[in-house]
Amino acid sequence: MEDSGVGWIAAIIIGGIAGWLAEQFMKSNMGLLMNIVLGIVGAIVANAILAAVGVSLGGWIGYLIAGFIGACILIAIGRMFRR
């Protein structure tokens, strides 16, 4: 996160927003803490996937986009295991 210019407090805020957006998009019902966790972990997952493809997203907007994409992926994986 420090490499992209996003500090820890900003990562929590952006992760919460990304998790909330993914929650709304995927029509899921989770709490604030889970949204933050999904956004942060989702950004890590999405950045790893995008780096394997050769795409690099940086800064606040890039972290938000990666967090949203990753959180959507994690919600979809969670739904596959719950069923």
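Trainee: What am I looking at here?
Mentor: This is a predicted model, where local features need pLDDT of at least 70, side-chain atom pairs count only at pLDDT 80 or more, and totals for chains, interfaces and linings use all residues. Residues are numbered from 1 along each chain as its sequence is written, and side-chain values use heavy atoms, with hydrogens and water left out.

Trainee: How do you describe two packed helices?
Mentor: By the angle between their axes and the distance between the axes. Axes are lines fitted to C-alpha atoms, for helices over the stretch in contact, and angles run from 0 to 180 degrees between N-to-C directions. Helices are DSSP runs (H or I, at least four residues), numbered from the N terminus.

Trainee: OK, at what angle do α1 and α2 cross?
Mentor: Roughly 100°. Helix α1 covers residues 8-25 and helix α2 covers residues 32-53, and their axes come within 6 Å. The two are therefore roughly perpendicular (65 to 115 degrees; under 35 is roughly parallel, over 145 roughly antiparallel, the rest oblique).

Trainee: Which residues make the contact?
Mentor: Contact means heavy atoms within 4.5 Å. From α1 come A11, I12, G15, G16, A18, G19, W20 and E23. From α2 come N35, I36, G39 and I40. By class there are six nonpolar, five polar and one charged. Nonpolar covers Ala, Val, Leu, Ile, Met, Phe, Trp, Tyr, Cys and Pro; charged covers Asp, Glu, Lys and Arg; the others, Gly among them, are polar.

Trainee: What about E23, is there a salt bridge or none?
Mentor: None, yet E23 is buried (under 20% relative accessible area; exposed is over 50%, partly exposed in between, with a 1.4 Å probe and protein chains only). A salt bridge needs a side-chain nitrogen of Lys or Arg within 4 Å of a carboxyl oxygen of Asp or Glu. The nearest side chain of opposite charge, R79, is 9.1 Å away. For charge, Lys and Arg count as positive and Asp and Glu as negative; His and the chain ends are not counted.

Trainee: And what does E23 touch?
Mentor: Setting aside neighbours within four places in sequence, E23 contacts S28, N29, M30, G31, N35 and I75.

Trainee: Switching to K27. Where is it?
Mentor: In the loop between α1 and α2. K27 counts as exposed, at 73% relative accessibility. Its phi is near 50°, a positive value in a residue other than glycine.

Trainee: How do α2 and α3 cross?
Mentor: At roughly 100°, with axes within 6 Å; helix α3 is residues 59-82. That makes α2 roughly perpendicular to α3. The contact includes L38, G39 and I40 of α2 and Y63, A66 and G67 of α3. Its residues divide into 13 nonpolar, five polar and no charged.

Trainee: L38 again. Buried or exposed?
Mentor: Buried, with a relative accessible area of 7%. Beyond neighbours within four places in sequence, L38 contacts M30, A43, G67, A71, L74 and I75.

Trainee: How far apart are I14 and Y63?
Mentor: 49 residues in sequence, and 7.4 Å in space, C-alpha to C-alpha. I14 lies in α1 and is buried, at 5% relative accessible area.
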